[in-house]
Amino acid sequence: MAGFQEPPLKKPKTDVNFVFNSHLPVQQSPIRGVNGHFNNKQHAGNFLFPKGPATFKPKVQGNGANRNTKSSDQLKILKQRHALPIFPARPRLLKELKKNDVVIVIGETGSGKTTQIPQYLHEERLDRKGAICVTQPRRVAAITIAKRVAEEMDTNLGELVGYSVRFEESVSPSTKLKYMTDGMLLREAISDPLLSKYSWVIVDEAHERTVSTDVLFGIIKDAQKSRKAFAKYPLRVIIMSATMDVDHFSNYFNKCPVLYIEGRQHPIEMFYAREKQEDYVLAAMSTVIQIHKEAPPQHDILVFLTGQEEIDAVVHNIRLIAKDNSLAEFPKIRVHALYAALPAHQQLDVFRATAAGERKVIISTNIAETSITIPGVRYVVDSGRAKVRNYLPGSGFDVLKVKKISQAQAWQRTGRAGRETSGFCYRAYTLEEFNAMAVNPVPEILRSNMSSVILQLLAMGIKNILTFDFIDKPSTEYVQQAVEQLTLLDAAKVVKSDMLELTETGKKMAQFPLDPRYAKILLSGPDYGCTDEVLTIVAILSSESIYTNPSGKKEAAVNARRKFSSMWCHENFLNYRNLSYTVEVRKQLVQVCQRCGISIVSCQQNLDSVRRCIIAGLFTNVAELQLGGKYLTLDSRQEAALHPASVLFGGKPAYVLFTELVHTGKTYMHINSAVDAQWLFETAPEYFRKRHIKI
DNA sequence: GAGCACTGC
């Protein structure tokens, strides 16, 4: 089997091309953008090689908070900064950034664009009139990058460099570089649509196309225009992304320039299965064992699989295999499972350093792809079933399917080889399969319920949703459905053709970080005297599951939950992390209630009030029992069954309310409550008048 | 009698 030579001790030298306005064919194998589309177009471009780095010294240092103790560390950091692929491009980059209102920067993970560009802007004092905001799709990323940049600038976190994510903020009036989640910036835009605090907004990981980034694009364009119109200082914008088809982005931003930063610090050697694999789990396991037999100890292996159950099974099996005599001569194996639902202490286990003569094998969901980075991993095995993106620094891999190990010549090697390689990726599917994989997946915003987005846009003063400048326009049908829902909830009203306006209720609803239907439930709390109770319910509904489902203990968990007694909470399979998060959500909702003047009252165990209050937000989610014993939803008249996990399962209430429909084997109603027909009428008379419910 | 994972305010 090819390519199991020991990775080099020598640090790879980075080759850097900085290219202006050209599409660069960066690699010999097709490049796949994170969203799975190719960008291997060949264009003749202007290759602009920078003249040479090394002379630049930052004009502006940090506040020297730790100067006495850290000076040698600071030197080391400066060296590292200068070694980044982006560094030689600094002068040209700044020139273009000064010249253009919008610039797209394409760079691989590890190029340094996220940590360096904001610092370059600050060093040049281009943030004199307002702070630099850098958005990230994920909380952890915003926090960890801010910490790193604060360290590089030798300043305390929360001073010159800060971050802002939900429930956690570290900023001060002196903060100039602010890392935040894209959702957080959208929240800010409700009270300040011009984003007037900022002179620069940098949208990072734009290729991920989250709903928030897509909406931000439109907001940013609007803000740029308005700031021009009001003769305020301009808003400068940088869109940063991994390799992708940039034409769509560039066209959207008025044919703005595209800058490419090439050069990976840690090249990855790729292997593809030579033959199609029937059983990807088996293929992944056998690959692990094969690597294990050939790689030096302490070179750890990370395996991507799909789900918890599968992962637990593979962990179990590898532990069994590891005890086999035939492996006695090889390093000792330590196997870890890693997925989001795992208790925190078990997740932390993964970070324990590998001891001499030992090897760590981590079997993970794609959580290890973006949210958790494990040091020491030299080998990645990609089963092709988990959605894998940039795990090893500088790699650009994707969805795949792995290969049976037994044949030594079973791998096809692509990409750069040899000396510079700092990691290996084994893909359990063939190059042909890789090439055939989904191109251009549909952006999330085109698949989502639009009611939250529209409520937010209306709160920012955007009245015509149909003409809002989305980079990809959601279908008129989806927009209309959402508008209808907001109208039914009394959040918005049509003022004239296609023009909408928020009602007083809607203005309050927009303040809540919730689905509009849940916000409406809270607003109705005082009417039913049960704000206190619905706050708890809505907090739970809008958080991740507070339950745990350990494999092998399924039945015990189900039985424990059925008891529903005062003892129930104690050691009964509750997910501590999510439960704590839910408590935080509830606190935040209480604060928003107080700000909106919603009185927090309790109904003292009067559960009928609670159920009636829930109807106020979820009246479109009701199903009616039919003569044959099946349920039909009243909104879209589709057949739906009570989910077996529901406490109502087995019973036959005439009307049931649900939080969502889940289409699996059948259509199931999730999280139910029995409701009275009379209540439905009283709560939403216009809606139910048309629906002929029997009282 | 079920059954994917992850992310955000």
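1. Arg-209 and Asp-214 join their side chains in a salt bridge, at 2.7 Å from N to O. The term denotes a side-chain nitrogen of Lys or Arg within 4 Å of a carboxyl oxygen of Asp or Glu. Arg-209 and Asp-214 are both buried, that is, under 20% relative accessible area, with exposed meaning over 50% and partly exposed in between (1.4 Å probe, protein chains only).

2. This is a predicted model, in which local features need pLDDT of at least 70 and side-chain atom pairs count only at pLDDT 80 or more, while totals for chains, interfaces and linings use all residues. Residues are numbered from 1 along each chain as its sequence is written, and side-chain values use heavy atoms, with hydrogens and water left out.

3. Across the whole structure, 28 salt bridges are found. One of them pairs Arg-81 with Glu-123, whose closest N and O atoms lie 2.9 Å apart. This pair connects distant parts of the chain, 42 residues apart: Arg-81 belongs to helix α1 (residues 67–83) and Glu-123 to helix α3 (residues 113–123). Helices are DSSP runs (H or I, at least four residues), numbered from the N terminus.

4. About one helical turn separates them, because they are 3 residues apart in helix α20. Asp-608 counts as partly exposed at 36% relative accessibility, as does Arg-611 at 27%.

5. Helix α17 (residues 531–541) has buried residues including Glu-533, Leu-535 and Val-538. The buried residues of α17 pack against α16 (516–528), α19 (576–595) and α20 (607–618), contact meaning heavy atoms within 4.5 Å.

Key: Chains lettered and ligands numbered in written order. Helix = DSSP H or I, 4+ residues; strand = E, 2+ residues; numbered from the N terminus.
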